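The following report describes a structure chain by chain and contact by contact. Please consult the sequence and the model while reading.

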2 protein chains.
Amino acid sequence: MRLYEWKPAPNPRRVLIFLAEKGVTVPMENVGQGFALRPDYVQRYVPATVPMLELDDGTQIGEAMAICRYFEALYPEPPLMGTTALEVAVVDMWERRAYELGLTGVAEIFRNTHPEFKDRSLPVYGARLPQIPALVERGQWRLRRFYELFDAQLGANEFVAGKRYTVADITALCTIGFAHFAKLDIPAEYTNFQRWYRDVSSRPSAAA
Amino acid sequence: MRLYEWKPAPNPRRVLIFLAEKGVTVPMENVGQGFALRPDYVQRYVPATVPMLELDDGTQIGEAMAICRYFEALYPEPPLMGTTALEVAVVDMWERRAYELGLTGVAEIFRNTHPEFKDRSLPVYGARLPQIPALVERGQWRLRRFYELFDAQLGANEFVAGKRYTVADITALCTIGFAHFAKLDIPAEYTNFQRWYRDVSSRPSAAA
């Protein structure tokens, strides 16, 4: 198998941290080129996004969480997606909220302002999707709601989905890393969120 | 437990069809009121979205797919989210694509044009989020890409994620139902998609 990734982007990083937490290593290939993906990769993988895991028989698995789920099934320890029915549901719920509010919020702000993405405000090739300035405000709203909701949750819980580090922490961590890159760090008033960020950033996996 | 839903909305329907396929019945409560959610529900459940599953101890599980995952763990038969590592990943991948391209595309068109959602273009309470006309075009792009990608996939596969009916079919089916409501039916040229839609619509669960 081979994992196609592009280091600076938040979605590949979700998988890289996941693998680091599992202690699993996989052959990887960086397919980034400047602020875009290499043309040969875009040609070979129709959705043209990263990360993508290609199995030896040619099967292509895209979407960061689908790839994580594949490795969770192959290497159940340590569990990063819950084990009981309730844990599994709660982890999935918080992971989705981190994605829909946090990661999507930062992406809306970044993709609709950065000059490199002028005509590519969604991760798309072969179509012209101009930036929509009004999405910046909407992204800011999402991000604020993400900070509020997660700060409250992290006031009562060590990790995003409760007592254990899970993939919900990984998506939230990648959101903050991306937000930092876009100069949108956690506002000082969210002290629970700050405490959590120091904790999860100090894990060796955060270097991935 | 109790499932809070609102029939006309596509996200609750994803769970209702899922439960119908499992043959599981759960006490339910409709919390819709006109084109909005009942104020007492919005107050009681902070994210203020449907569906939400409340357990007897008060635990609230939100996000349609997290709720489905809870029931998949409690009632594994018939499996709707895959069983092997590969199946689990492939189902998750296609379910996410159906959501990101299909359901999100229709929602972008509908929420940014329908007069009832003038200041509520995301499913949000307590904030004013005006419609963004430019998102209509982007939603149309997403939806076109959804039709193209899924039509190709359904030309080679009986169901969205392969040989078996899964939750990926459910999200795609709810997308088409929502698209129909918004007068955005499957274009005639996507004959594989049309064939699939006739098949999945004829299952008793589609009445949910």
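At what angle do the axes of helix α5 and helix α7 of chain A cross, and within what distance do they come? In this predicted model, the axes of α5 (residues 134–156) and α7 (residues 191–201) of chain A cross at roughly 75 degrees and come within 7 Å.

Two packed helices are described by the angle between their axes and the distance between the axes. Angles of 65 to 115 degrees count as roughly perpendicular, and α5(A) and α7(A) are therefore roughly perpendicular to each other.

On the α5(A) side, the residues that meet α7(A) are A:Tyr147, A:Phe150, A:Asp151, A:Leu154 and A:Gly155. Their counterparts in α7(A) are A:Asn192, A:Phe193 and A:Trp196. Sorted by class, this helix contact consists of five nonpolar residues, two polar residues and one charged residue.

## Overall form of chain A

Chain A contains seven helices and six strands. Along the sequence, these elements follow the pattern β-α-β-β-β-α-β-β-α-α-α-α-α.

The C-alpha trace of chain A spans about 45 × 45 × 30 Å along its principal axes. The radius of gyration of chain A is 17 Å, and a compact globule with 208 residues would have a value near 17 Å, so the two agree.

## Domains of chain A

The domain assignment divides chain A into domain 1 (2–74) and domain 2 (85–207). The C-alpha centres of these two domains of chain A are 19 Å apart. Their contact draws 13 residues from domain 1 of chain A and 16 residues from domain 2 of chain A.

Which elements give two or more residues to the side of domain 1 of chain A that touches domain 2 of chain A? They are α1 (10–22) and α3 of chain A. Of these, α1(A) gives the most, with seven residues. The side of domain 1 of chain A that touches domain 2 of chain A comprises nine nonpolar residues, one polar residue and three charged residues.

## Contact between chains A and B

Chain A and chain B each contribute 25 residues to the contact between them. On the side of chain A that touches chain B, at least two residues come from each of β6 (60–62), α3 (64–74), α4 (85–111) and α5 of chain A. The largest share of that side, eight residues, is supplied by α4(A).

By class, the residues on the side of chain A that touches chain B are 19 nonpolar, one polar and five charged.

## The sheet of chain B

Chain B has an open sheet of four strands in the order β2-β1-β5-β6, with mixed pairing. The strands β2 (28–30) and β6 (60–62) of chain B stand at the edges with a single partner strand each, so one side of each has no neighbour in the sheet. From one strand to the next, the twist averages 20 degrees.

Helix α3 (residues 64–74) of chain B lies across β5 and β6 of chain B, and α3(B) runs at about 115 degrees to β6(B).

Methods. Residues are numbered from 1 along each chain as its sequence is written. Chains are lettered from A and ligands numbered from 1 in the order in which they are written. This is a predicted model: local features need pLDDT of at least 70, side-chain atom pairs count only at pLDDT 80 or more; totals for chains, interfaces and linings use all residues. Two strands pair if DSSP finds at least two bridges between them. Axes are lines fitted to C-alpha atoms, for helices over the stretch in contact, and angles run from 0 to 180 degrees between N-to-C directions. Two residues are in contact if their C-beta atoms, placed from the backbone, lie within 7 Å. Angles under 35 degrees count as roughly parallel, over 145 as roughly antiparallel, 65 to 115 as roughly perpendicular and the rest as oblique. Ala, Val, Leu, Ile, Met, Phe, Trp, Tyr, Cys and Pro count as nonpolar, Asp, Glu, Lys and Arg as charged, and the others, Gly among them, as polar. Domain bounds come from an automatic or database domain assignment. The radius of gyration is taken over C-alpha atoms; the globule rule is 2.2 Å times the number of residues to the power 0.38.
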